[in-house]
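Biologist: Could you walk me through this model? I would like to ask about the metal site and the sheet.

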Amino acid sequence: MPQAEPINQNGLSVCPNCGAGGLADIYEVRGIPVHSTLNLPTAEAAVNYPRGDLALAFCATCGFLCNRLFDPTVHEYCPQCEESQAFSPTFNAFARGLAQRWVQRYGVRNKTIVEIGCGKADFLMLICEAGDNRGIGIDPSARPDRIPPEHRGRIRLIRELYGPQHACLQADVLLCRHTLEHIAQTRDFLAGIRRTIGARRDTLVLFELPDVARVLREGAFWDIYYEHCSYFSAGSLARLFRSTGFEVVELERDYADQYLLLAAYPADGPTRPRLPLEDDLAQIADLARGARERFPRMIGHWRGALAELRAQGAQPVVWGALSKGVSFLTTLGLGADQVPYVVDINPHRQGSYMAGTGQRIINPQGLRGVPRPAIVAMNPIYCDEIRRQLRSVGVEARVLPVVA
Ligand SMILES: [Zn+2]
């Protein structure tokens, strides 16, 4: 279980995003699983899974936040990682729409797309299909066996971590979704990408990642976890790109303001800010300051809410067994005795166990016969989808979005 101890004074003191000193701690959680999407075969393996500490620190110079205590050597990204969200109709509709939008807006047709951190290549398949493109996906957790036959001709997967050895791939489009937040040395990473592009000026670079502004505003402690060592706002993301030699042409929010989308092209050197969303340093500093109280308040709120549900005879259920669910349960310190059920619609997740707290992950049908289930939806955007799925399996339950 996480312990409340004073923050360790070791760890990073210089911002990996801009190089400035003076990182200020705003939140900490200790003893959390270092991985939350790895399929774990037994409750014992899940409870005993290696743990690490997190101290979320803010850089007032560039607006970036990071886990100052992050240790990149602990990770084992591999084919047994099950991070796919492609079993959710809501997420799929978003991903399909985004692929089409990017194809139309930037003329991504008949191109070679290299995706850094492609996961199970769900999005790479969508964008290749939408624009008749060829895709090369690089990811240690890639699963070529899960590529349907109709896509095999145009998708190639490389089961490796992205690095300088991939410079030879000659991408027309470099795509990187939900990966940068897993990288600690963000400036080195982006500078490396810029070097691999070299003299070309027409390589389109597309990034997508969570927006920390919403996390800070909501005190969304379930969105802070070990794999995510780097947390960006629109402005800190654009500043990173501009300082490493990119012209940022588009910066926007999507998915109920949960995600940031960025489009950029290589430039000859650092570029100057020119998009409205970039000017957020004062706002993000304000949010970071406020989050010092907001995170503990939200933790207290959910401890109380779950205790009350149990006192009323309801059975708390967490819906969503990926990182948010793991973070929610480990931060609150709630094992199977207090939150017995965790549901996920991804069949590749079902039957394995929640890292840290050890609940077995079940399918929605598994809730049949459970008296008075009260479901905490780990992302409010899925509430309607969850209600539909419950109806389809004949389960009556309250659905509570994980916000205040
Ligand atoms: Zn910084």
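Modeller: Here are a few questions and answers. This is a predicted model, where local features need pLDDT of at least 70, side-chain atom pairs count only at pLDDT 80 or more, and totals for chains, interfaces and linings use all residues. Residues are numbered from 1 along each chain as its sequence is written, and side-chain values use heavy atoms, with hydrogens and water left out.

Biologist: What pLDDT does the protein chain average?

Modeller: pLDDT is the predictor's confidence in each residue, from 0 to 100. It stays under 50 over residues 1-8, while 95% of the residues score at least 70. The chain average is 93.

Biologist: Which arrangement do the 4 donor atoms make around the zinc ion?

Modeller: Donors are N, O and S atoms within 2.8 Å of the metal (3.2 Å for Na, K and Ca); water is not among the atoms, so sites may look incomplete. Here C15, C18, C59 and C62 coordinate zinc through SG at 2.3 Å. Four donors count as tetrahedral if all angles lie between 85 and 135 degrees. The angles run from 105 to 114 degrees, so the arrangement is tetrahedral.

Biologist: Is C59 buried or exposed?

Modeller: Buried means under 20% relative accessible area, exposed over 50%, partly exposed in between (1.4 Å probe, protein chains only). C59 has 1% relative accessibility, so the label is buried.

Biologist: In what order do the 5 strands of the open sheet come?

Modeller: Two strands pair if DSSP finds at least two bridges between them; strands are DSSP E runs of at least two residues, numbered from the N terminus. The pairing is parallel, and the order is β14-β13-β12-β15-β16.

Conventions
Contact = heavy atoms within 4.5 Å. Tetrahedral: all angles 85-135°; square planar, octahedral: opposite > 155°, others 65-115°. Helix = DSSP H or I, 4+ residues; strand = E, 2+ residues; numbered from the N terminus.
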